[in-house]
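The sequence and the structure are shown first.

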Amino acid sequence: MSVERKVVASKVAVITIDGPSGAGKGTISRIVAKKLGYHYLDSGALYRLLGLASKRHNVKLTNIKALSTLAEHMDISFTTASNGDFSVHLEGENVTRELRTEDTGLLASQVAGFPEVRVALLKRQQSFAQGPGLVADGRDMGTTVFPDAPVKLYLTASAEERASRRYKELLGKGENVSLPALVEQVRSRDERDMNREASPLRSAEDAIEIDTSSMSIQEVTDRVLNLLAIKGYVPHP
Ligand code: C5P
């Protein structure tokens, strides 16, 4: 496994962006990938897809063998339209919206707790490392999936701020939500992600941490692009 990882890492530039949900990883990863012309891996989407696939195929969350088989073989695709819209398909059906619901997020964090499932998804994730480069967004990109990545970032923010961002996003979509309930959900997801045995959420030792609590998307983007410029990935702004 380590040999395979080294080959992948030496050929393709990989930038890992890890952190808890709502820290801004997805938004920043997409902006950076676009700016560099790199591929983008939304690893959380793989766990979400597995959660959805298990529901559709009536696979119980206790049946780890069946879940791992599904993880290895589920028919999924990610596409980016010419206008930049990103869509995800499961067995030919567009599940982009369903993928982002709180229910699917909960299913994802349940299936993500099984080491066998994580191993089954490892190669699928590593296969996204294609030239010229990859921005990989998740919880364990820098620690487990791409441990040799030359650039590792860890984005974080307070639970209140992350819940408040989600609250505004859901209100904008016309959903009726309670802010205290969202703070609770964010805390319990963190708890599960940080305290599981298999690849818990943590910053890689060589990752650069950015607390985005009081930063705008533009400020975080500028900070990340500056760091990448220092490392020679983009021209200095
Ligand atoms: O990032 P997102 O919220 O889509 O991830 C959904 C869930 O998938 C997370 O709460 C986490 O439990 C799991 N996940 C993971 N490892 C990753 C990405 C996501 O365990 N690399």
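## Basis of the description

Helices (H or I, at least four residues) and strands (E, at least two) are DSSP runs, numbered from the N terminus. The model is predicted: local features need pLDDT of at least 70, side-chain atom pairs count only at pLDDT 80 or more, and totals for chains, interfaces and linings use all residues. Residues are numbered from 1 along each chain as its sequence is written, and side-chain values use heavy atoms, with hydrogens and water left out.

## Ala 136 in strand E6

Ala 136 belongs to strand E6, which spans residues 133-138. Its relative accessible area is 0%, so Ala 136 is buried (buried means under 20% relative accessible area, exposed over 50%, partly exposed in between, with a 1.4 Å probe and protein chains only).

Leaving aside residues up to four places away in sequence, Ala 136 touches Ile 15, Thr 16, Ile 17, Leu 41, Met 141 and Phe 146; contact means heavy atoms within 4.5 Å. The C-alpha atoms of Ala 136 and Asp 42 are 6.5 Å apart in space, although 94 residues separate the two in sequence.

## Nonpolar cores

A nonpolar core is a set of buried Ala, Val, Leu, Ile, Met, Phe, Trp, Tyr and Cys residues joined through side-chain atoms within 4.5 Å. The largest has 35 residues, of which Leu 41, Leu 49, Leu 134 and Phe 146 touch the most other members. Two or more residues of this core come from each of H3, helix H4 (64-73), strand E4 (86-90), H6, helix H7 (115-126), E6 and helix H8 (141-145). H3 gives the largest share, 7 residues. Apart from this core lies another, of 22 residues, including Tyr 40, Val 135, Leu 227 and Val 234.

Leu 134 has contacts, not counting residues up to four places away in sequence, that include Val 12, Tyr 38, Leu 41, Phe 128 and Phe 146.

## Ligand site

The ligand is surrounded by 16 residues, the closest being Arg 48, Arg 118, Arg 139, Arg 189 and Asp 193; a residue is near a molecule if one of its heavy atoms lies within 4 Å of it. By class, this shell holds 4 nonpolar, 4 polar and 8 charged residues (Ala, Val, Leu, Ile, Met, Phe, Trp, Tyr, Cys and Pro count as nonpolar, Asp, Glu, Lys and Arg as charged, and the others, Gly among them, as polar). H3 contributes the largest share of the shell, 4 residues.

A polar side-chain atom of Asp 193 lies 2.7 Å from an oxygen atom of the ligand. For Arg 139, a side-chain N or O atom is 2.9 Å from a ligand oxygen.

Methods:
Polar contact = N/O pair within 3.5 Å; in protein donor to acceptor, adjacent residues only side chain to side chain.
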